[in-house]
Amino acid sequence: MEMKRHHCYNAVIKKIDDKGGYQMKKKIMSIFLAAVMVGSFSLSVPVMAEEEATAEAADVDLSEYKVGVCIYQFSDNFMTLFREELLSYMVELGFSEDNIQIQDGANDQATQTNQIDAFITDGVDVLIINPVNSSSAATITDKVVDAGIPLVYINREPDEDEEARWDENDWDVTYVGCDARQSGTMQGELIVDLGLDAVDFNGNGAVDYVMIEGDPENIDAKYRTEYSIAALEDAGLEVNCLDDQVGNWDQVTAQQLVANSLSQYGDDVEVVFCNNDAMALGALQAIEAAGRTVGEDIYLVGVDALSEACEDVLAGTMTGTVFNDHISQSHSAADAAVNYLTGAGNEHYIGCDYVKVTAENAQEILDMAS
Ligand code: BGC
């Protein structure tokens with residue numbers, strides 16, 4: 001039930017968003033949350049935890065269908081959670097594990113394109129693709145549609161022009177994911193909620209921050225960077241960017257970058273924003289190595305709610321994170337694949353909401369997501 005609501009709600013919101021932008025979306029989201037979810041995350045947790053396989057085709061025999069899944073890179077922590085949940089849910093729905101092939105694109109579009117070609121030659125019935133480069137989506141779509149195979153994109157959203165083609169041509173192509181602007185806004189709010197007095201350690205009247213970005217090809221990185229800071233500014237806070245570096249979603253890279261920033265800007269660094277938790281975990285190593293203490297002389301926020309990050313939020317060694325709901329997203333992707341196989345079809349955009357994570361709800365998220 002909860003997931004179906006998510007689908008309808010996000011389909012409507014997406015249409016509004018194309019016309020009215022994110023502010024409108026935020027307003028409608030509040031009304032929706034108040035009216036339907038009764039404003040309480042804890043209320044929705046048991047529903048999701050106990051959720052059964054909900055694809056329309058629960059009664060259809062799915063065991064003979066061949067599914068091709070392309071993941072941009074197996075070593076990505078978040079996509080590993082997504083991939084494992086996707087596989088177990090598809091088996092729960094009735095697919096045979098032997099008929100689900102999952103390929104590692106090794107962060108190389110040429111490698112992934114070869115994998116897609118091989119899936120097409122192999123005659124898979126449906127493809128689920130997490131593109132290495134979202135900008136390659138048009139080429140991918142063309143070859144998959146030409147082969148008559150329905151396509152579900154996940155996690156890395158193709159651009160508006162590409163999505164418009166699916167609608168105009170009535171192709172069996174959809175995207176399942178969250179709106180990264182929402183996660184950026186929530187990251188900013190985690191800092192706004194502390195109040196300037198608590199954050200402004202050097203007393204210069206501004207929030208002095210370091211930004212560690214994910215892969216710039218990925219819209220999630222762009223939006224989280226932009227919307228986290230916009231949330232501070234919208235709350236009337238002055239901001240001062242000390243350093244803005246690309247950590248490519250990677251823990252070790254982020255650790256080195258934050259170590260450099262801390263040695264260059266020292267005690268002036270008041271907040272470290274990381275576009276994901278893997279990089280926040282690296283940032284935390286650098287923060288601790290520099291003798292700094294999160295919550296006492298610096299703040300740190302990430303996105304994803306990896307279990308290690310939730311543990312850090314509970315321990316106070318991370319200020320907060322944002323739950324990137326890999327459960328809902330992977331289930332929606334599998335449900336969308338089933339809906340194509342049964343002919344039920346899908347909207348061309350299937351969304352999902354992020355959830356702000358603080359010490360107050362981190363345990364709930366941990367219990368639900370692990
Ligand atoms: C996640 C990152 C992940 C990226 C992969 C993002 O939504 O937050 O952790 O590396 O997706 O595309």
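Modeller: Let's start with what an axis is here: a line fitted to C-alpha atoms, for helices over the stretch in contact, with angles running from 0 to 180 degrees between N-to-C directions. Keep in mind that this is a predicted model. Two packed helices are described by the angle between their axes and the distance between the axes. Now take helix H12, residues 307–315, and helix H14, residues 362–369: their axes come within 9 Å and cross at roughly 155 degrees. Angles over 145 degrees count as roughly antiparallel, so H12 is roughly antiparallel to H14. The crossing of these two helices, H12 and H14, is left-handed. On the H12 side, the contact is made by Ser307, Cys310, Glu311, Val313 and Leu314, while H14 brings Ala362, Gln363, Ile365 and Leu366. Sort the residues of that contact by type and you get six nonpolar, two polar and one charged.

On to the sheet. Six strands form an open sheet with parallel pairing, and their order is S2-S1-S3-S4-S5-S11. Strand S2 (100–104) and strand S11 (349–350) stand at the edges with a single partner strand each, so one side of each has no neighbour in the sheet. Further in, strand S4 (residues 151–154) and strand S5 (residues 173–176) run parallel and are joined by four bridges. Ile154 stands opposite Val176 in S5. Finally, there's helix H6, residues 160–168: it lies across S4, S5 and S11, and runs at about 135 degrees to S5.

Technical notes:
Residues numbered from 1 in each chain as written. Predicted model: local features only at pLDDT ≥ 70, side-chain atom pairs only at ≥ 80, totals over all residues. Heavy atoms only, no water. Parallel < 35°, antiparallel > 145°, perpendicular 65-115°, else oblique. Left-handed = near helix turned anticlockwise from the far one by under 90°. Contact = heavy atoms within 4.5 Å. Nonpolar A, V, L, I, M, F, W, Y, C, P; charged D, E, K, R; others polar. Pairing = 2+ DSSP bridges.
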